[in-house]
Amino acid sequence: MSSELETAANPASLKRVVIEPLSRVEGHGKISILLDDDDHVRQVRLHIVEFRGFEKFIQGRPYWEIPVMVQRLCGICPVSHHLAAAKALDQVVGADQLTPTADKVRRLMHYGQILQSHALHFFHLSSPDLLFGFDSDVARRNIVGVAAEYPDIAKQGVLLRRFGQEVIRVTAGKRIHGTGAIPGGVNKAVTPAERDELLKDIYQVIGWCRAAVQLAKRLHLSNIGLYNSFGAFRSNLMSLVAPDGGMDLFHGNLRARDSNGGIIFDKIDYSRYWDHITEEVRPWSYMKFPYIRSLGADAGWYKVGPLARVQNCDHISTPFAEAERREFVDFGSGQPVHATLAYHWARMIELLFSAESIKELLHDADISGDDLVVSGERRERGVGVIEAPRGTLIHHYRVNEDDQAVRANLIVSTTHNNQAMNEAIRHVAKRYLDGRHLTEGLLNHIEVAIRAFDPCLSCATHALGKMPFHVELIDAEGECIDTLVKSSLER
Amino acid sequence: MTLSPDPAPGLAPVLVIGIGNPSRGDDAIGPLAIERLAALDLPGTELLTDFQLQVEHALDLIGRREVVFIDADASGPGPFGFEPVIPAAYAGPITHALSPAAVLEAFQRVSAAPLPAAFVLAVRGYDFELGAALSDTAAANLDAALLMLVSRLNPGS
């Protein structure tokens with residue numbers, strides 16, 4: 001299934017366009033496009049620097065510090081790392097079955113994280129493209145433009161985000177650097193007063209989330225030709241699902257489907273994930289390419305995240321989200337939906353599922369229980385897997401007999417989606433850029449495809465002056481012949 | 001919490017937000033600044049720290065007279081800069097962080113309250129590796145920056 005645009009036959013003779021969507025102190029992500037003399041696209045690659053230095057960062061630390069420390073890996077989804085690490089260390093302390101309170105408080109924290117992350121993505125980042133068009137006036141194609149024409153949407157995005165943060169604060173103890181999840185359980189329950197405060201708003205939140213699904217769906221259905229074809233490619237799908245096949249973003253077994261929806265593997269205990277997925281190194285990329293071992297590297301790569309999850313599960317336990325899932329599946333007419341832009345629609349179904357799940361958990365007395373921690377037979381290895389906002393997140397640790405972490409391996413959502421994102425931008429480049437003079441509007445099409453996945457670029461640091469968006473057109477001699485620049489973190 | 005963009009009663013008129021990751025070398029400048037300011041217990045000043053700015057920080061600004069963003073600066077002349085900042089739209093390709101200007105812009109979208117006077121205290125940093133400690137030069141820059149900021153926030157001190 002790999003694209004012919006991964007490697008050009010004669011790259012040295014081609015013009016090179018470099019899109020640097022973000023650079024950070026640790027590394028950066030960029031897109032390179034090679035064009036021939038007639039501006040035909042010959043090679044397209046997304047380069048993302050993977051987490052580095054993490055193993056050294058945790059080596060020698062007591063294992064119980066890890067769930068707090070890993071939050072410093074990623075400033076955008078620290079809660080996902082916090083929970084994945086705690087789940088891995090549950091295995092180390094022999095906590096095979098959490099108490100109901102610990103399980104539900106963690107779930108509440110997780111769904112707060114999903115809610116705030118998905119709301120930010122859709123309302124703040126993607127809505128300008130989707131509401132105004134990918135090559136509309138750049139001066140209007142931003143959140144200010146959205147606020148001017150759709151003021152409620154802009155405001156709801158901020159308030160949904162804040163609500164999710166409040167759920168995190170209540171369950172993790174603090175708004176950032178929370179310590180709620182510990183190996184074997186949690187260190188605090190939700191007090192009745194905290195629960196009541198969140199309950200005041202949850203029905204409004206669900207209402208806004210229902211409206212968000214309708215908006216995402218309406219946008220897709222009102223321009224089916226574009227939305228179904230833009231950056232679309234067939235691939236396998238992978239995610240956790242609950243033991244009964246339902247959607248569960250917090251815990252479950254691994255399931256993978258092929259591009260026609262057939263099961264590749266199912267009910268896989270993630271604590272031996274390496275028996276089923278492995279990673280390939282390619283010389284041009286710092287980030288590895290995971291694939292399903294039984295299918296091999298060429299055919300075994302897959303998508304993760306909302307589009308995979310909504311279609312990988314058999315049902316959703318909450319009523320409004322389940323109705324939306326059914327409509328989404330029906331839209332595929334018996335085949336999985338592979339449209340890159342359908343990520344937005346699927347993401348909003350998950351937003352609604354998260355809000356409904358928060359409501360159910362807030363009405364569950366277990367979240368205020370006092371049985372918080374369990375332990376059992378000590379083990380030297382632990383694996384934790386969670387469905388983070390952008391997809392499957394794997395944490396894997398080895399702890400020595402002195403309780404020190406000695407090894408760590410992380411496979412983050414963006415790594416799982418590495419090949420998929422490359423495929424998406426190759427399809428877009430071939431369809432929209434091939435043979436044309438490049439403009440900001442055309443290059444924004446590449447960004448639109450990337451935005452659908454919202455890759456995590458390990459941006460846990462972001463100092464001022466470090467995040468330019470920069471596009472250069474370089475000829476075969478290495479001379480820069482055209483430049484586009486816009487800043488995302490100017491002072 | 002109430003889903004209303006109204007100011008909370010009894011709000012401190014000045015907010016100082018320290019931005020950065022305490023585990024990435026000089027990126028710790030923001031959170032360390034907040035830690036040291038907290039020890040001074042400045043009257044009328046609320047302190048907040050986070051890895052990076054996001055849209056919800058706009059809600060923290062409502063009802064303030066003044067806000068100061070403290071962040072590491074990877075490319076400025078040093079030791080620090082202190083400049084006013086005005087609203088500007090976010091134009092980046094991913095969701096990961098906003099500039100102070102973009103947070104002010106978000107403020108205008110969610111609130112009809114008067115925009116607070118806003119400043120960025122950009123303290124020059126040099127080394128941002130995961131697990132690194134604050135560099136000596138950045139520590140000296142932070143000392144100088146805080147001397148200025150404290151005298152501004154608490155002129156009688």
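User: Hi! Let's start with Pro77(B): buried or exposed?
Analyst: Pro77(B) counts as exposed, because there are 9 C-beta neighbours inside 10 Å. The cut-offs are these: a residue is buried with 20 or more other C-beta atoms within 10 Å of its own, exposed with 12 or fewer, and partly exposed in between, with C-beta atoms placed from the backbone. This is a predicted model, where local features need pLDDT of at least 70 and side-chain atom pairs count only at pLDDT 80 or more, while totals for chains, interfaces and linings use all residues. Residues are numbered from 1 along each chain as its sequence is written, and chains are lettered from A and ligands numbered from 1 in the order in which they are written.

User: Thanks. Where is Pro77(B) in chain B?
Analyst: Pro77(B) sits in the loop between E3 and E4 of chain B. Those labels are DSSP runs numbered from the N terminus: helices (H or I) have at least four residues and strands (E) at least two. Pro77(B) and Arg124(B) are 47 residues apart along the chain, and their C-alpha atoms are separated by 7.1 Å.

User: And which peptide bond is cis?
Analyst: The one from Gly78(B) to Pro79(B), with omega near 0 degrees. Pro79(B) lies in the loop between strand E3 (66–73) and strand E4 (80–84) of chain B.

User: What about strand E1 of chain B, how many of its residues are buried?
Analyst: Six of the six residues in strand E1 (residues 14–19) are buried, so the strand is largely enclosed by the rest of the structure. In a regular strand, side chains alternate between the two faces of the sheet. Both faces of E1(B) are covered: one side has Val14(B), Val16(B) and Gly18(B), the other has Leu15(B), Ile17(B) and Ile19(B), and all are buried.

User: How many bridges join E1(B) to E3(B)?
Analyst: Five, and the two strands run parallel. In that pair, Val16(B) stands opposite Val68(B). E1(B) is also joined to strand E2 (residues 45–50) of chain B by six bridges, again parallel, with Ile19(B) opposite Asp50(B). Strands count as paired if DSSP finds at least two bridges between them.

User: Switching to chain A: what is the strand order in the open sheet of four strands?
Analyst: The order is E8-E7-E6-E11, with mixed pairing. Strand E8 (263–268) and E11 are at the edges with a single partner strand each, so one side of each has no neighbour in the sheet. E8(A) and strand E7 (residues 253–257) run antiparallel and are joined by three bridges. Ala256(A) stands opposite Phe265(A) in E8(A).

User: Which way does phi go at Lys267(A), positive or negative?
Analyst: Phi there is positive, near 55 degrees, in a residue other than glycine. Lys267(A) belongs to strand E8 of chain A and is exposed, with 12 other C-beta atoms within 10 Å. Asp403(A) is not a glycine either, and its phi is positive at about 70 degrees. Asp403(A) is in the loop between strand E13 (391–399) and strand E14 (405–411) of chain A.

User: Now Val304(A), buried or exposed?
Analyst: Val304(A) is buried, with 30 other C-beta atoms within 10 Å. Val304(A) is in the loop between strand E11 (302–303) and helix H10 (306–312) of chain A. Beyond its neighbours within four places in sequence, its contacts include Met238(A), Gly391(A) and His416(A); contact means C-beta atoms, placed from the backbone, within 7 Å.

User: Last topic: at what angle do H6 of chain A and H3 of chain B pack?
Analyst: Helix H6 (residues 151–172) of chain A and helix H3 (residues 100–110) of chain B pack at about 115 degrees, with axes 9 Å apart. Axes are lines fitted to C-alpha atoms, for helices over the stretch in contact, and angles run from 0 to 180 degrees between N-to-C directions. H6(A) and H3(B) are therefore roughly perpendicular; that label covers 65 to 115 degrees, while under 35 is roughly parallel, over 145 roughly antiparallel and the rest oblique.

User: And which residues of H6(A) and H3(B) meet?
Analyst: Ala154(A), Lys155(A) and Val158(A) in H6(A) meet Ala106(B), Arg109(B) and Val110(B) in H3(B). The contact has four nonpolar, no polar and two charged residues. Here Ala, Val, Leu, Ile, Met, Phe, Trp, Tyr, Cys and Pro count as nonpolar, Asp, Glu, Lys and Arg as charged, and the others, Gly among them, as polar.

Terms used:
Contact = placed C-beta atoms within 7 Å.
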